[in-house]
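Here is a set of questions and answers on one protein structure.

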Amino acid sequence: MILAHLKEGVHRYGELRRRMPGISEKMLTQRLRELEADGLVVRHDHETTPPHVEYRLTEEGLSLAPVLQALYDWGAARAARTGTTIEEPAAA
């Protein structure tokens, strides 16, 4: 989910948190750190008060965009076949 949101562009931590209400702050922070360590996400701290931290995909992370889109398309088609309703994510 984090990669799918960042595929749309740069997001601040709070924006990501609001877009994923089902994930705890601790887990979101942990996942962002893992994605950063894997070279898929870049964290940019503007070193301001209050804190202003942004996340974006690296070139490697952006290379996953077609895969993420294919997974979304497959899920939407499967939902249509099975009559499952897909809940749209909340807008930021």
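A salt bridge here is a side-chain nitrogen of Lys or Arg within 4 Å of a carboxyl oxygen of Asp or Glu. The model is predicted.

Q: Which residue meets the side chain of Glu8 in a salt bridge?
A: The cut-off for a salt bridge is 4 Å between nitrogen and carboxyl oxygen. A separation of 2.7 Å, N to O, joins the side chain of Glu8 to that of Arg19. The pair links distant parts of the chain, with Glu8 in the loop between helix 1 and strand 1 and its partner in helix 2. The partner of Glu8 is Arg19.

Q: Is Arg19 buried or exposed?
A: Buried residues have under 20% relative accessible area, and exposed ones over 50%. Glu8 counts as exposed because its relative accessibility is 54%. Arg19 has a relative accessibility of 15%, so Arg19 counts as buried.

Q: Which helix holds both Glu34 and Arg31?
A: Glu34 and Arg31 form a salt bridge, with their closest N and O atoms 2.8 Å apart. Glu34 is partly exposed at 34% relative accessible area, and Arg31 is partly exposed at 33%. The two lie three residues apart, about one turn of the helix, and both belong to helix 3.

Q: Which element supplies the largest share of the lining of the second largest pocket?
A: The second largest pocket has a volume of about 150 Å³. Among the residues that line this pocket are Arg12, Tyr13, Thr29, Leu32 and His52. Helix 3 and strand 3 each supply at least two lining residues. The largest share, four residues, comes from helix 3.

Q: How many residues of the lining of the second largest pocket are charged?
A: Asp, Glu, Lys and Arg count as charged. The lining includes Arg12, Arg33, Glu36 and Arg43. The lining divides into five nonpolar residues, two polar and, as charged residues, four.

Q: What pattern does the protein chain follow along the sequence?
A: The protein chain has five helices and three strands. Read along the sequence, the pattern is α-β-α-α-β-β-α-α.

Q: What percentage of the residues in the protein chain is buried?
A: The C-alpha atoms fill a box of roughly 50 × 25 × 20 Å along the principal axes. The accessible surface of the protein chain comes to about 6500 Å², with 55% of it belonging to carbon and sulfur atoms. Of the 92 residues in the protein chain, the buried share is 22%.

Conventions. Residues are numbered from 1 along each chain as its sequence is written. This is a predicted model: local features need pLDDT of at least 70, side-chain atom pairs count only at pLDDT 80 or more; totals for chains, interfaces and linings use all residues. Side-chain values use heavy atoms; hydrogens and water are left out. Buried means under 20% relative accessible area, exposed over 50%, partly exposed in between (1.4 Å probe, protein chains only). On a 1 Å grid over the protein atoms alone, a cavity is a set of points where a 1.4 Å probe fits but cannot get out, and a pocket is an open set with protein on both sides within 12 Å along at least five of seven lines; lining residues have an atom within 4 Å of a point. Grid points are joined across faces, edges and corners, and a volume is the space filled by probe spheres set on the points. Accessible areas come from the Shrake-Rupley method with a 1.4 Å probe; for residues, only the protein chains shown count as cover.
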